[in-house]
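Please look over the chain shown below.

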Amino acid sequence: MSTAMATPYLLSPSQLRDEISSGSVSVLDASWFMPNSPRRPLQEFQGKRIPGARFLDLDEVASHHELGLKHMMPSERVFADACERLGIAPESHVVIYDTHGVFSSPRALFMFRAFGHQKSSILDGGLPRWEVEGFATVGVPLAEGTGSIYPTPVLDRGAIRSYEQVVTNSLPDPASDSTVQLVVDARSRGRYLGTDPEPRPGLSSGHIPHSFPLPFNTFLRTHTIPDASTQYTTFLSEPELRQALVDSIGADEAELVITGKRSITTSCGSGMTAGVLWLGLKLLGAPDVALYDESWTGYASRAESRIESSA
């Protein structure tokens, strides 16, 4: 792949195979599961992975948070140290996948891009699509990898929204104030409305005032593996992504977001699937997209937060 061209956000399995053959790629499994899931991503990685892949633990490569929140954006040095352990150099093409298809890999890609590592992509369809298209996996014990040197990068602070920024932004109505950032919520519509419970015990459902519901799976296509009950996801086409955005925030606002005349922030339950919305918006060409790192868990955990609901 020419370094003179912008690195694509998405790669197909055959494109990744070509990158692996060229020897110029670092492949990462960034699978993550909800806290109430019995699945263990590291154990699954050890049992089956793309050849040459290393495991990126998003809960480990993270910053401590006063509320105990997981997978918060790491510091610059924590990120660089992780890259060194994983054998990633600043010039490496990093390709990230997960075992859902598209779920946690966009959050990992967001992290790399926010730290200025633009030569990074996700495998669209993840490990399931890789296998469906006939490419090999391995499950032998992982050999000790070669380290690297990764200078401390500079985080793009504009890529992250804090609690204070989100609260301040939620006060005026974006319909009457063009300077207000739109906030789109990747959780299910029931959780957004407050009619369904949160998966985290004791946490209220509902939504940030003036935010819009945009469940992350509305940006994705679900595929069923032939002769199996297993499903996986890939991103929709660009026209379909645009329509999903229009259905959420309206045609006029969607046009403003895509052309950079209105900034937008993505949120979800804990900052994970907000990455799916972030990547979908970037695929549409939206230039000013941020991610609320704490997302709903951080927001709703604070007694002073205003919560709107239809319950």
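The accessible surface of the chain comes to about 13,700 Å², and 51% of this belongs to carbon and sulfur atoms; the areas come from the Shrake-Rupley method with a 1.4 Å probe, and for residues only the protein chains shown count as cover. This is a predicted model, in which local features need pLDDT of at least 70, side-chain atom pairs count only at pLDDT 80 or more, and totals for chains, interfaces and linings use all residues. Residues are numbered from 1 along each chain as its sequence is written, and side-chain values use heavy atoms, with hydrogens and water left out.

**Overall form**
- The C-alpha atoms fill a box of roughly 55 × 45 × 40 Å, taken along the principal axes.
- Of the 311 residues in the chain, 54% are buried (under 20% relative accessible area; exposed is over 50%, partly exposed in between, with a 1.4 Å probe and protein chains only).

**Helices and strands**
- The chain has 11 helices and 12 strands, which are DSSP runs numbered from the N terminus (helices: H or I, at least four residues; strands: E, at least two).
- Five strands form an open sheet in the order β1-β5-β4-β2-β3, with parallel pairing (two strands pair if DSSP finds at least two bridges between them).
- Its edge strands, β1 (10-11) and β3 (54-55), each pair on one side only.
- Strands β2 (residues 25-29) and β4 (residues 93-97) pair over 5 bridges, and valine 27 has valine 95 in β4 as its bridge partner.

**Serine 248**
- Serine 248 lies in helix α8 (residues 238-249).
- Serine 248 counts as buried because its relative accessible area is 17%.
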